[in-house]
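Subject: Structure handover

Hello,

Please read them with the model open beside you.

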Amino acid sequence: MFIELSKSQKKIARELIENSLQMECARFLEEIEKSISNQGQECKSPHEAYLNLYKNVKSFDKHIAKRYDDLRGSRYFIVLVGLFLDNILTQEDLNRFDEDVREKLLNTAKLLSNDSEL
């Protein structure tokens, strides 16, 4: 899906996307810290703990790369929708956009989630 954003709307999008990347990384690091502290009880060996950690980091890296690598203005709109659907962006965040863009973001999110209450 391609929705062209104006320069001012792209500036807002870049800020929200950068903040979202930082939030996702912070959440992931918190999850890893919890996971590492629980590894002793859940894993049979240090190697198993390492493999679990490696699997989680690799999976998160793929997610981050898919969402944020080589991000251009033409992809901002769909990335914003994904961030909203993943509860990283809030309605308050979307309120920073002009009414037309905000409505298109919300309508697209509704279509993709099949949730009429968004």
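What is the mean pLDDT of the chain, and what share of its residues reach 70 or more? The model is a predicted one; the mean is 91, and 91% of the residues reach 70 or more.

**Helix α2**

Helix α2 covers residues 46–68, which is 23 residues. Just after α2, Asp70 has a positive phi of about 55°.

**Aromatic pairs**

There are two aromatic pairs. In one of them, Phe28 and Phe60 have ring centres 4.0 Å apart and planes at 0°, so this pair is stacked. Phe28 belongs to helix α1 (residues 7–42) and Phe60 to helix α2, and the pair links parts of the chain 32 residues apart. Both Phe28 and Phe60 are buried.

Tyr50 and Tyr54 form a stacked aromatic pair too, with 6.2 Å between centres and 25° between planes. These two tyrosines are four residues apart in helix α2, which means a separation of about one helical turn. Tyr50 is partly exposed at 46% relative accessibility, and Tyr54 is partly exposed at 44%.

**Nonpolar core**

The largest nonpolar core has 27 residues. Those touching the most other members are Ile17, Leu80, Leu83, Leu89, Leu94, Phe97 and Leu105. Two or more residues of this core come from each of α1, α2, α3 (73–85) and α5 (99–113). In general, nonpolar side chains in soluble globular proteins tend to be buried together.

Beyond its neighbours within four places in sequence, Leu89 is in contact with Leu16, Ser20, Leu80, Leu83, Phe84 and Leu94.

Met23 is found in helix α1 and is partly exposed, with a relative accessibility of 34%. The C-alpha atoms of Met23 and Ile88 are 7.6 Å apart, although 65 residues separate the two in sequence.

**Salt bridges**

How many salt bridges does a search of the whole structure find? It finds six. I describe some of them here.

Glu4 pairs with Lys10, with 3.2 Å between the closest N and O atoms. Lys10 is partly exposed, at 21% relative accessibility; the cut-off for buried is under 20%.

Glu24 and Arg67 meet in a salt bridge with an N to O distance of 3.1 Å. Glu24 is in helix α1 and Arg67 in helix α2, so the bridge ties together parts 43 residues apart in sequence. Are these two partners buried or exposed? Glu24 is buried, at 9% relative accessibility, and Arg67 is buried as well, at 12%.

Asp100 and Lys104 form a salt bridge in which the closest N and O atoms are 3.3 Å apart. Both residues lie in helix α5, four residues apart, or about one turn. Asp100 is partly exposed at 47%, and Lys104 is partly exposed at 33%. Elsewhere, salt bridges with shared partners join Glu24, Arg67 and Asp86 into one network.

Regards

Conventions: Residues are numbered from 1 along each chain as its sequence is written. This is a predicted model: local features need pLDDT of at least 70, side-chain atom pairs count only at pLDDT 80 or more; totals for chains, interfaces and linings use all residues. Side-chain values use heavy atoms; hydrogens and water are left out. The expected span of a helix is 1.5 Å times one less than its number of residues. Rings of Phe, Tyr and Trp (its six-membered ring) pair if their centres lie within 6.5 Å; planes under 30 degrees apart count as stacked, over 60 as edge-to-face and the rest as tilted. Buried means under 20% relative accessible area, exposed over 50%, partly exposed in between (1.4 Å probe, protein chains only). pLDDT is the predictor's confidence in each residue, from 0 to 100. A nonpolar core is a set of buried Ala, Val, Leu, Ile, Met, Phe, Trp, Tyr and Cys residues joined through side-chain atoms within 4.5 Å. Contact means heavy atoms within 4.5 Å. A salt bridge is a side-chain nitrogen of Lys or Arg within 4 Å of a carboxyl oxygen of Asp or Glu.
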